[in-house]
Amino acid sequence: MICPDFLEFQDVLKKMRVVDDKIVYTLNTSIPTESFKTKVDASSVCHNLFDQIQKSHSEREIVIKNCIVATAETVKKLKSAKESSPDDIDVIKNLKAEQRKLRLLQTELSVEEVIKEKTTKLFTEKCRSYYKPNTL
């Protein structure tokens with residue numbers, strides 16, 4: 001599980017965001033210009049790209065939410081440990097670290113929404129003439 005180490009979590013997310021990071025390039029190289037319209041099936045290209053994008057978004061959202069749930073459970077356990085021994089410095093230190101990590105994970109969920117909106121907007125602009133998904 002990648003949740004305990006936030007930097008590793010961010011590295012994994014970065015790798016998972018490759019589709020979104022390269023969306024402009026992918027769209028520009030996949031969608032034909034007027035002179036090549038007959039040589040490339042833009043409808044199937046857009047459909048396949050949309051499926052890739054949706055799968056990528058779904059997988060990342062699941063990973064982020066699972067880490068949020070796992071970290072929230074850890075915070076809950078540490079809070080109860082702090083109540084039973086309020087003077088234990090290690091428990092307090094770990095609790096603060098986990099709370100910080102939980103906030104960072106929740107921020108990643110917001111970042112994910114922004115990335116999703118940007119990618120969807122770019123996809124719609126380039127592929128609207130060729131493919132109209134039901135779930136946009």
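Predicted model: local features only at pLDDT ≥ 70, side-chain atom pairs only at ≥ 80, totals over all residues.

Visitor: Which residue caps the N-terminal end of α5?

Guide: D88 does: one of its side-chain oxygens lies 3.2 Å from the backbone nitrogen of D90. Residues are numbered from 1 along each chain as its sequence is written, and side-chain values use heavy atoms, with hydrogens and water left out.

Visitor: Thanks. How many helices and strands does the protein chain have?

Guide: There are 5 helices and 0 strands, so the pattern along the sequence reads α-α-α-α-α, with helices (H or I, at least four residues) and strands (E, at least two) taken as DSSP runs, numbered from the N terminus.

Visitor: What does α5 reach from its first C-alpha to its last?

Guide: α5 covers residues 89–127, 39 residues in total, and reaches 56 Å. That is close to the 57 Å expected at 1.5 Å a residue, where the expected span is 1.5 Å times one less than the number of residues.

Visitor: And what about the overall shape? What is the radius of gyration?

Guide: The protein chain has 21 Å, whereas a compact globule of 136 residues would have one near 14 Å. The radius is taken over C-alpha atoms, and the globule rule is 2.2 Å times the number of residues to the power 0.38. Along the principal axes, the C-alpha atoms fill a box of roughly 75 × 25 × 20 Å.

Visitor: Which residues of α5 are buried?

Guide: The list is V91, L95, E98, K101, L102, L105, E108, E112, I115, T119, F123 and C127. Buried means under 20% relative accessible area, exposed over 50%, and partly exposed in between (1.4 Å probe, protein chains only). As background, an α-helix has 3.6 residues a turn, so residues three or four places apart point the same way.

Visitor: What covers them?

Guide: The cover includes α1 (6–16), α2 (18–21), α3 (23–30) and α4 (42–84).

Visitor: I spotted a glutamate in there. What does E98 touch?

Guide: E98 is buried, with a relative accessible area of 16%. Leaving out residues up to four places away in sequence, E98 touches T71, T74, V75 and L78. Contact here means heavy atoms within 4.5 Å.

Visitor: Let's do a histidine, then. Is H57 buried or exposed?

Guide: H57, found in helix α4, counts as buried at 2% relative accessibility. Apart from neighbours within four places in sequence, H57 is in contact with D20, E112, K116, T119 and T120.

Visitor: Now the greasy part. Which residues have the most contacts inside the largest nonpolar core?

Guide: They are F9, L13, I64, C67, I68 and L105, in a core of 14 residues. α1, α4 and α5 are the elements giving two or more residues to this core, and the largest share, 5 residues, comes from α4. Apart from it lies another core of 10 residues, among them L27, I53, F123 and C127. A nonpolar core is a set of buried Ala, Val, Leu, Ile, Met, Phe, Trp, Tyr and Cys residues joined through side-chain atoms within 4.5 Å.

Visitor: Back to the phenylalanine: what does F9 touch?

Guide: F9 is in helix α1 and is buried, with a relative accessible area of 0%. F9 touches I2, V63, I64, C67, L105 and E108, not counting residues up to four places away in sequence.

Visitor: Does L7 count as buried or exposed?

Guide: L7, also placed in helix α1, counts as exposed at 60% relative accessibility.

Visitor: Last one: what share of the residues counts as buried?

Guide: Of the 136 residues, 29% count as buried.

Methods. Polar contact = N/O pair within 3.5 Å; in protein donor to acceptor, adjacent residues only side chain to side chain.
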